[in-house]
Amino acid sequence: MTFTVLTLFPEMFSALLLGGIIKRAVESKCIAIETVDIRDFATNRHRTVDDRPYGGGCGMVMKPEPLARAIRHAKQKHPEARTVLLTPQGRLFDQRVARRVAQYTGLVLICGRYEGVDERVSLLVDEELSIGDYVLTGGEIAAMVVIDVVSRLIPGVLGNVRSADEESFSSGLLEYPQYTRPRSFEGAQVPDILLSGNHLAIKQWRRRVSLARTLAKRPDLLFRESLTPEDIEFLKKIHRDIEAIIERHMQAP
Ligand code: ADE
């Protein structure tokens with residue numbers, strides 16, 4: 001996977017190479033991160049990349065020509081790549097979208113700055129993505145989020161191939177709790193089942209805790225997830241237990 005980032009601040013992306021999994025993934029050539037300075041594609045002597053908005057208003061808008069030239073330059077180098085504009089108006093970038101875009105051999109990530117980019121740039125991109133319902137000062141941090149999330153789905157990036165599959169969201173549920181030594185920490189114990197050596201029982205326990213956690217913290221995720229008959233049976237049991245508790249309290253004098 002090659003990430004080609006179009007930005008006015010290419011130096012920000014050196015942060016990804018300071019340490020950790022992304023640095024290692026670049027070194028082992030599982031991924032490549034290239035930056036393109038949009039200013040290099042400005043059409044005038046002053047290398048202007050922004051201008052005042054038509055119709056008035058405060059702030060500056062990124063001009064379409066330098067961006068268009070930078071996008072075409074990147075596409076010429078990586079014709080198979082998907083072009084993505086990072087913008088708060090885009091589709092929400094979640095694990096599902098990450099899995100889909102991880103299938104491309106390249107992503108061209110376009111980072112806007114100032115008050116926005118000229119609307120006509122959206123005609124040149126394959127899709128628009130937002131990392132959440134808030135407004136960043138630019139698309140760079142959003143592009144880094146996309147690079148981080150997508151990279152760990154690329155084969156070879158994570159040492160343990162299974163760990164990307166097993167955690168929060170990859171199954172559509174929140175992850176089960178993890179413990180390591182010591183067995184007792186400030187009075188809180190590791191659940192006995194995890195020490196039992198019974199792998200089947202541990203697997204079932206983890207699935208149930210995932211379901212219960214998701215129900216408690218992010219019930220919205222359960223609407224999207226495909227559940228097994230055992231999952232449904234377990235959720236029904238929780239439902240019956242809650243009803244019994246409510247019933248009991250309603251009868252209390
Ligand atoms: N640029 C500014 N805010 C953004 C967001 N929430 N997602 C993606 N790009 C952005």
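## A guided tour of the predicted model

Arg208 is a residue of helix α6, which spans residues 199-217. In sequence, 22 residues separate Arg208 from Glu230, while their C-alpha atoms are 9.5 Å apart in space.

**The two domains**

Now colour the chain by domain. Residues 2-151 form domain 1, and residues 184-251 form domain 2. The distance between the C-alpha centres of domain 1 and domain 2 is 41 Å.

**The five-stranded sheet**

Turn next to the sheet of five strands. In what order do its strands lie? The order is β2-β1-β6-β5-β8; the sheet is open and its pairing is parallel. Select residues 32-37 and 127-130 to see the edge strands, β2 and β8, each of which pairs on one side only. On average, neighbouring strands of this sheet are turned by 35 degrees against each other, direction ignored.

Select residues 2-7, which make up strand β1; six bridges join β1 to β2 in the parallel sense. Within this pairing, Thr2 is opposite Ala32 of β2. Thr4 also belongs to strand β1. Is Thr4 buried or exposed? Its relative accessible area is 2%, and Thr4 is therefore buried, the cut-off being under 20%. Display the side chains of Thr4 and Glu34: a polar contact of 3.5 Å links them.

**Strand β6**

Proceed to residues 106-111, strand β6. Six of the six residues of β6 are buried, so this strand is largely enclosed by the rest of the structure. In a regular strand, side chains alternate between the two faces of the sheet. On one side of β6 are Gly106, Val108 and Ile110, and on the other are Leu107, Leu109 and Cys111; all are buried, and both faces are covered.

Strands β1 and β6 run parallel and are joined by five bridges.

**The ligand**

Select the ligand and the residues around it. Among the surrounding residues are Leu86, Thr87 and Pro88, as well as Leu129, Ser130, Ile131 and Gly132. The surroundings also include Tyr134, Val135, Leu136, Gly138 and Ala142.

For Gly132, a backbone N or O atom is 3.1 Å from a nitrogen atom of the ligand. A polar backbone atom of Leu136 lies 2.9 Å from a nitrogen atom of the ligand. On its own the ligand has 260 Å² of accessible area, of which the protein covers 96%.

**The three-stranded sheet**

The last stop is an open sheet of three strands, ordered β3-β4-β7, with mixed pairing. Select residues 50-51 (β3) and 116-117 (β7): these strands stand at the edges with a single partner strand each, so one side of each has no neighbour in the sheet. Strand β4, residues 61-62, pairs with β7 in the parallel sense over two bridges. To finish, display Val61, which is opposite Gly116 of β7.

Technical notes
Residues are numbered from 1 along each chain as its sequence is written. This is a predicted model: local features need pLDDT of at least 70, side-chain atom pairs count only at pLDDT 80 or more; totals for chains, interfaces and linings use all residues. Side-chain values use heavy atoms; hydrogens and water are left out. Domain bounds come from an automatic or database domain assignment. Two strands pair if DSSP finds at least two bridges between them. Helices (H or I, at least four residues) and strands (E, at least two) are DSSP runs, numbered from the N terminus. Axes are lines fitted to C-alpha atoms, for helices over the stretch in contact, and angles run from 0 to 180 degrees between N-to-C directions. A residue is near a molecule or strand if one of its heavy atoms lies within 4 Å of it. A polar contact is a pair of N or O atoms within 3.5 Å; within protein, one must be able to donate a hydrogen and the other to accept it, and residues adjacent in sequence count only if both atoms are side-chain atoms. Accessible areas come from the Shrake-Rupley method with a 1.4 Å probe; for residues, only the protein chains shown count as cover. Buried means under 20% relative accessible area, exposed over 50%, partly exposed in between (1.4 Å probe, protein chains only).
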